[in-house]
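Here is a friendly briefing to read alongside the structure. Take a look at the fold first, then work through the points below.

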Amino acid sequence: MYPIVRLAGNIAVSNVTELSAPYKLIYALTYQCQLKCSMCHIWKRKPLPELTSEEIREFFRRSNAFSWINLSGGEIFLRPDLPEIFNAIATSCKGLYLLNFPTNGFLTEVIVDAVTRIVQDRQFPKVLVTVSLDGPPELHDRIRSMPGSWDRAVDTYQRLRRLRSRGFNVYFGMTLQDANAHAFEEMVRSVGERIGDIHYGDFHVNLQHTSEHYYDNAGSSRLMDKQRVLDRLGAIETLRNRAGSGPVKYLEQRYQALASVYLLENRTPVACQALAASLFMDPAGTLYPCTIYNRPIGNIKDHGYCLGDLWNTGQRQSVRTEIRAGNCPQCWTPCEAYQSILANVVPIRKRSRL
């Protein structure tokens with residue numbers, strides 16, 4: 001079966017009933033990060049004992065039914081064995097359609113070299129990279145607490161976009177927060193002045209969140225001026241609607257449209273797919289529902305690196321019941337939102353007839 005057909009089939013089934021196994025894995029390879037972002041405290045965390053490349057290979061050998069893998073960090077390019085990890089995924093996950101990951105863009109040469117190899121070798125049908133950018137130069141560098149980080153991120157993006165093809169694309173990713181809610185247009189303009197030929201559709205926007213076990217910023221405040229952020233989201237979406245089409249744009253549009261429900265009502269706008277269509281794994285191999293809900297369900301080391309054994313435990317089923325009932329922190333991060341959007345394409349009133 002073609003990988004894209006398998007992914008489409010899983011999405012279709014998730015609109016009708018709950019999947020028996022996840023098709024998306026969100027995997028934080030490391031919590032190492034050389035930037036000290038104000039909205040994320042991963043850089044403050046004590047290092048976890050990361051799974052080795054051999055353990056990662058064994059995990060994917062025994063747990064290889066994913067259609068979509070989102071690698072995350074920290075900064076994944078701080079792992080010197082990243083090419084081995086890419087190879088482990090490509091070798092074992094033959095049904096994988098989409099591999100995506102963010103980067104802060106700081107290690108330009110390392111990033112461009114690694115991405116060039118996986119794109120030229122066509123290791124994966126579809127690869128998407130997001131380079132984090134949170135404003136024009138001075139604001140971005142202040143948020144990220146690293147002088148020169150804006151220049152490096154834009155240089156990384158510029159070099160990666162030369163690799164664009166049917167199987168590869170690169171975007172900027174902006175975390176919308178009180179500090180930069182006003183700065184979207186100025187950010188786009190500053191990038192255009194540096195590299196030219198830039199469009200609003202080249203920028204993806206997500207919302208700042210807090211998390212005990214992932215961002216490690218539970219003591220930080222959430223978005224304070226929600227109405228201001230909501231107004232800015234509307235303005236950004238108006239600008240972005242002028243360019244592009246396709247599945248990525250559809251997800252972006254739905255994400256931003258439903259963000260108003262999250263911001264105004266403090267709830268996840270659609271039925272969440274955490275521990276149904278997707279799950280989150282931390283660098284040590286501990287599984288969680290998502291990046292936000294601090295309810296570990298076990299570690300893959302204790303289950304022979306086999307996701308299937310852990311997935312069928314009472315703990316996973318119990319936490320999934322909590323999520324269905326809405327007894328979780330409620331969030332709207334793209335990591336969790338996109339598969340939930342895709343599982344709610346069929347209106348509720350029509351599902352009851354299926």
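**A helix pair, a core and some backbone details**

Helix α4 (residues 108-120) packs with helix α6 (residues 149-160) at an angle of about 20°, and their axes are 10 Å apart. Please keep in mind that this is a predicted model.

**How α4 and α6 meet**

- Angles under 35 degrees count as roughly parallel, so α4 and α6 are roughly parallel to each other.
- The crossing of α4 past α6 is right-handed.
- On the α4 side, the contact is made by T108, E109, I111, V112 and V115, and on the α6 side by R152, D155, T156, R159 and L160.
- Sorted by class, this contact of α4 with α6 has 4 charged, 4 nonpolar and 2 polar residues.

**The nonpolar core**

- The largest nonpolar core has 113 residues.
- Those with the most contacts inside this core are F60, I69, I89, F101, V115 and L160.
- Leaving aside residues up to four places away in sequence, I69 touches L25, F60, I89, C93, L96, L98, L99 and N100.

**Backbone spots to look at**

- Most residues other than glycine have a negative phi, and most peptide bonds are trans.
- The peptide bond from G73 to G74 is cis, with omega near 20°, and G74 is found in the loop between β2 (68-72) and α3 (82-92).
- R122 is not a glycine, yet its phi is positive, near 50°.
- R122 sits in the loop between α4 and β4 (126-132) and is exposed, with a relative accessible area of 74%.
- D197, also not a glycine, has a positive phi of about 45°.
- The loop between α7 (184-195) and β6 (203-207) holds D197, which is exposed at a relative accessible area of 58%.

Conventions
Residues numbered from 1 in each chain as written. Predicted model: local features only at pLDDT ≥ 70, side-chain atom pairs only at ≥ 80, totals over all residues. Heavy atoms only, no water. Axes fitted to C-alpha atoms, helices over the stretch in contact; angles between N-to-C directions. Helix = DSSP H or I, 4+ residues; strand = E, 2+ residues; numbered from the N terminus. Parallel < 35°, antiparallel > 145°, perpendicular 65-115°, else oblique. Left-handed = near helix turned anticlockwise from the far one by under 90°. Contact = heavy atoms within 4.5 Å. Nonpolar A, V, L, I, M, F, W, Y, C, P; charged D, E, K, R; others polar. Core = buried A, V, L, I, M, F, W, Y, C linked by side-chain atoms within 4.5 Å. Buried < 20%, exposed > 50% of the residue type's maximum accessible area, 1.4 Å probe, protein only.
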